[in-house]
Amino acid sequence: MAAVEKAELSTTSPPRYTSTSTSYHPPRQRKVHDSAVTFEEYHYYAQKTRAEQLLLEAPQWQWRALFASKKKHGDGDGNNVDNHGGDHDGPRGGQVVTDEEWIDASRAFRTASWGAVFYLITTDILGPFAVPFAIGTLGYGPGIGIFTAFGIISVYSGYILWKVFMGVDSHEFPARNYGDLAFRAWGTTARHVVNVLQAIGLLLLLGQVTILFGQNISEISMYRLCYIVCPLIFVVVGFFLTQVRTLRSFGWLAHFGFWFNLLAIFISMGATAHNPPNFAIATLGSVGSAIDPSSIMRDAAGNYPPITKYAGLPTTNLVGAINGLLSGVLAFAGLQLFIEFMAEMRRPHDFLKGMFVAQAVIYTVYVVYGSFMYYYQGQYTFNPAYLGVSNYAWQTAGNVLTLLSGLIAAALYGNIGIKVFYNNVLVDIFRAPLITSKGGKIFYAAIVPVWWSIAFVIAAAIPAYVYFVSIISAAALLNLSYTIPPWIALGYDIKRQTAGTFDPALGRTSRGMVGFRRYVQGFWSGGAWQVAINVWHVLYFLASLSLSGLGLYASIEGFIEAFEIPQVNSFTCRSPLNLGT
């Protein structure tokens, strides 16, 4: 039972509230998301864990060692989310688990190196094939400027998430996902909001890659396959890949996915430089279709307009420009998975090294590839760019490589998305059986085909890929990558500035402020620099929300325009790439 004692102090001292526990349970006996655990307790154990991890030798990161599939002790089920989803409300059926055994189990779970994180981030984020379209809709100057800004802000968001993770994650209380950070910064409701949004975002991302690679398969078949069958093929293969249960098992797949993407980039660049644009598919999904449809229409003699490029904004069409900008949001989206990557690192201090190198590579690839493809294809630049290669042999080579890397990315989204949805929505909110139990494993297995079936329905119902990307970017990805990080960081900094002390021997937290007053005081504490950071985080949060609203408007308008094309229909055999014939 917890009691709250008001200490009687002199009139010159502020009131001090001391929280004590007369029946304190050590961390191993706590619920996973126990609201009785104070910020001070999280922070105390986090500092203790960080000091220990600084003394550890960094693991090898050669590709042969990346996330080896051999299971470690304490990771019996091999599930990156499951391990903190167990029932540890208290002592388990008379079985005594010592503090050292509890901590050893957490240590055994953390095996990844910064090199593994580099490959996982590049697989998660690297998607340069929408960049030429984005630069085309914005022009060279604004386009490169937007990608530079998104790159800088993306790195900053990753940094502040890492900072919060380092301050609240520990062996005693591991932080395993995005929602855990929201919970420790703002509480239970915030955690549910973030988890639901993340699950929706990952499901929509799975739908996005299903649309994309359904079109990929359609083009490989030269439109001979009924289009609705194409995403179905992708879904069936992806379903089996989702049976890979751990991020360690995804490490070597992520390695190959990275190189598949790079090879596809070089092939599409070389083929584009020596072949004309793929005029036939430009009707829906090209730069011209988004900003000025007349620029891609054939004349009476059947000739297409010459290639046109712009240094500045090519149009006053706000909808087209914003949809291009939202492709930039998608290009750097993926920060919501960073916590899963940090949680499996032997030395989370090294995460920044892996993230900085990955983001530098990603930004360089984006700007070079986007500018190159737009230079050669102008208003015919397609999203994704490799579909716009007109030579069938090189087009197919790029399609096959991106299809393989796309399957890896889809399996990653499916694997983590289903786990986030199951553990943090079904278990926490709807009291589904734990995934480690027999009933939970059966329930989880039943959800996998349903999850992929939803992705298939999305792909078959929405052929307008460009505008679907805008919808998910505005509604989910922008908020997950840019709105939520400063919000979490603000809550963390407020609590850190007003933190009291924690006595691990008694399990007692002493703090001078509680309630709303604590948040007000915390916002204005820490000196001028910290207050400036707090104000910046509020402005960052509001600006991101505003862009989300503007993006939703533009994407809905784009959808309306797309479905005005008579050949664009849901659940159809006609490929959305084959509308110009």
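Predicted model: local features only at pLDDT ≥ 70, side-chain atom pairs only at ≥ 80, totals over all residues.

Colleague: Which helix gives the largest share of the nonpolar patch?
Modeller: The patch covers about 660 Å² and is made by Phe516, Val520, Trp524, Val535, Trp536 and Leu539. With 3 residues, the largest share comes from α18.

Colleague: Is Trp536 buried, partly exposed or exposed?
Modeller: Trp536 lies in helix α18 and is one of the residues that make the nonpolar patch. Buried would require under 20% relative accessible area and exposed over 50%, so at 37% relative accessibility Trp536 counts as partly exposed.

Colleague: Is Asp493 buried or exposed?
Modeller: Asp493 is found in helix α16 (residues 465-497), and, leaving aside neighbours within four places in sequence, Asp493 is in contact with Lys163, Gln530, Ile533, Asn534 and His537. The relative accessible area of Asp493 is 1%, and because the cut-off for burial is under 20%, Asp493 counts as buried.

Colleague: How many residues apart in sequence are the parts tied together by the salt bridge of Glu40 and Arg511?
Modeller: The side chains of Glu40 and Arg511 meet at 2.7 Å, N to O. Glu40 lies in helix α1 (residues 39-54) and Arg511 in strand β4 (residues 508-511), so the pair ties together parts whose separation in sequence is 471 residues.

Colleague: Which residues are joined with Glu40 into one network of salt bridges?
Modeller: Glu40 counts as buried at 4% relative accessibility, and Arg511 counts as buried at 13%. Salt bridges that share partners join Glu40 into one network with Arg511 and Arg518.

Colleague: Which helix holds Asp428, the salt-bridge partner of Arg191?
Modeller: The closest N and O atoms of Arg191 and Asp428 are 2.0 Å apart. The pair links distant parts of the chain, 237 residues apart, with Arg191 in helix α7 (residues 188-220) and Asp428 in helix α14 (residues 392-430).

Colleague: How many salt bridges does a search of the whole structure find?
Modeller: Side chains of opposite charge can pair when their charged atoms come close. One further pair is Asp350 and Arg347, whose side chains meet at 3.0 Å, N to O, and both of these residues are buried. For the whole structure, the number of salt bridges found is 7.

Methods: Residues numbered from 1 in each chain as written. Heavy atoms only, no water. Helix = DSSP H or I, 4+ residues; strand = E, 2+ residues; numbered from the N terminus. Buried < 20%, exposed > 50% of the residue type's maximum accessible area, 1.4 Å probe, protein only. Contact = heavy atoms within 4.5 Å. Patch = residues over 30% accessible without salt bridge, like charges linked within 9 Å, V, L, I, M, F, W, Y side chains within 5 Å. Areas by Shrake-Rupley, 256 points an atom, 1.4 Å probe, with all protein chains shown as cover. Salt bridge = Lys/Arg side-chain N within 4 Å of Asp/Glu carboxyl O.
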